[in-house]
Structure formats: structure tokens, C-alpha cells
Amino acid sequence: MSPLLNLSQNSYFNTNSLDIISALNKGKIVVINTEALSGAAVESLNNILMYELSKRTKSTSIKPVSIFIDEVQRVISKNTDLPIDILREAKVDVFLATQNSALLKEKLQTEKYDALIGNLTRKYYFQNSS
């Protein structure tokens, strides 16, 4: 219950004018600062958003949507369902960013990590000069 309590006490999520999915479907940019949220609250929010976005497959005239998740190892876990294949069909591009893929592999565990990485259409790796 604490993740839900955390979300319910956050003023950003408690306004009648906030509908993240509707805003995305209208082509708006939505930025969610998860710094003040617990890991469980961030994961719950992510699961809800991904589920709602996957419903777009039932619609025939939808605008493409892009989701960028920075520090993805903080947002998802081995219990997260990140349906990349369904989201792709729903015209949702998902960008996952992490500073170290080993952190994500550790969080998801090898089998789920391999499945996720195998389902991505493109992968980009950047490295600093050191």
C-alpha cells in the first residue's frame, strides 16, 4: 500500500486535469520527475502507463508516441511487464537509458534481461573517453 499512498500524496498526480495517456495521445510532452517517488511507486506508475498504452492497439487512427525512460534500472524490475512488442504495434516507441547495462541485467536477472534486449529493435551504446 505504501507505493499507492506515496502516489496519492503527490500533488502532481492529484489534479483533475492530469491524464497522462490522453496528453500523450494528443502529442503533448509529459515529463514525470520520479525523484521524490519510491522505487515501488515508480514501478507501479510505469506498469499502469504501459498497460494503458498497450490498449492503443485497438484504435485505428493513433499518433505515434515516444516514451523515454532514463535510469531504467530504477523504473523496472523482474516483476515488470514491459510489452515492447505490443507497444510497438500500438505505435509506442520506448527508449530505455541506463549508464550501465550490468545494473539493468542485475535488476531484471539474466533471462528477463535477455528477453528484453532481444525484443529491442535498436541499441545504441555510448562510452566516455576514459
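**Entry 1: a starting question**

Is Glu 52 buried, partly exposed or exposed? I looked it up, and Glu 52 counts as partly exposed at 29% relative accessibility. Here buried means under 20% relative accessible area, exposed means over 50%, and partly exposed lies in between (1.4 Å probe, protein chains only).

**Entry 2: ground rules**

I am reading a predicted model, in which local features need pLDDT of at least 70, side-chain atom pairs count only at pLDDT 80 or more, and totals for chains, interfaces and linings use all residues. Residues are numbered from 1 along each chain as its sequence is written, and side-chain values use heavy atoms, with hydrogens and water left out.

I checked the confidence next: pLDDT is the predictor's confidence in each residue, from 0 to 100. The protein chain averages 82, and 85% of the residues score at least 70. A note to myself: where pLDDT is low, the predicted coordinates should not be read in detail.

**Entry 3: the overall layout**

I found 7 helices and 2 strands in the protein chain. These are DSSP runs numbered from the N terminus: helices are H or I with at least four residues, strands are E with at least two. From the N terminus on, the order is α-α-α-β-α-α-β-α-α. Of the 130 residues, 33% count as buried.

**Entry 4: helix H3**

H3 has 16 residues and reaches 22 Å from its first C-alpha to its last, close to the 22 Å expected. That expected span is 1.5 Å times one less than the number of residues. I listed some of the buried residues of H3, including Ala 41, Glu 43, Asn 46, Leu 53 and Ser 54.

Leaving aside neighbours within four places in sequence, Asn 46 is in contact (heavy atoms within 4.5 Å) with Ile 69, Val 75, Ile 76, Thr 80 and Leu 82.

**Entry 5: the nonpolar core**

Which residues have the most contacts inside the largest nonpolar core? They are Leu 53, Ile 67, Ile 69, Ile 76, Val 92, Leu 104 and Leu 116, in a core of 28 residues. A nonpolar core is a set of buried Ala, Val, Leu, Ile, Met, Phe, Trp, Tyr and Cys residues joined through side-chain atoms within 4.5 Å. The elements giving two or more residues to this core include H3, strand S1 (65-69) and strand S2 (92-96). The largest share, 6 residues, comes from H3.

Beyond its neighbours within four places in sequence, Ile 67 is in contact with Leu 24, Met 50, Leu 53, Val 92, Asp 93, Val 94 and Phe 95.

The structure holds 1 salt bridge, a term for a side-chain nitrogen of Lys or Arg within 4 Å of a carboxyl oxygen of Asp or Glu. Glu 52 and Lys 55 form it through their side chains, at 3.2 Å from N to O. Lys 55 is partly exposed, with a relative accessible area of 35%, and sits in the loop between H3 and S1.

Arg 56 is in the loop between H3 and S1 as well. Arg 56 is buried yet has no salt bridge, and the nearest side chain of opposite charge, Asp 93, is 9.0 Å away. For charge, Lys and Arg count as positive and Asp and Glu as negative, while His and the chain ends are not counted.
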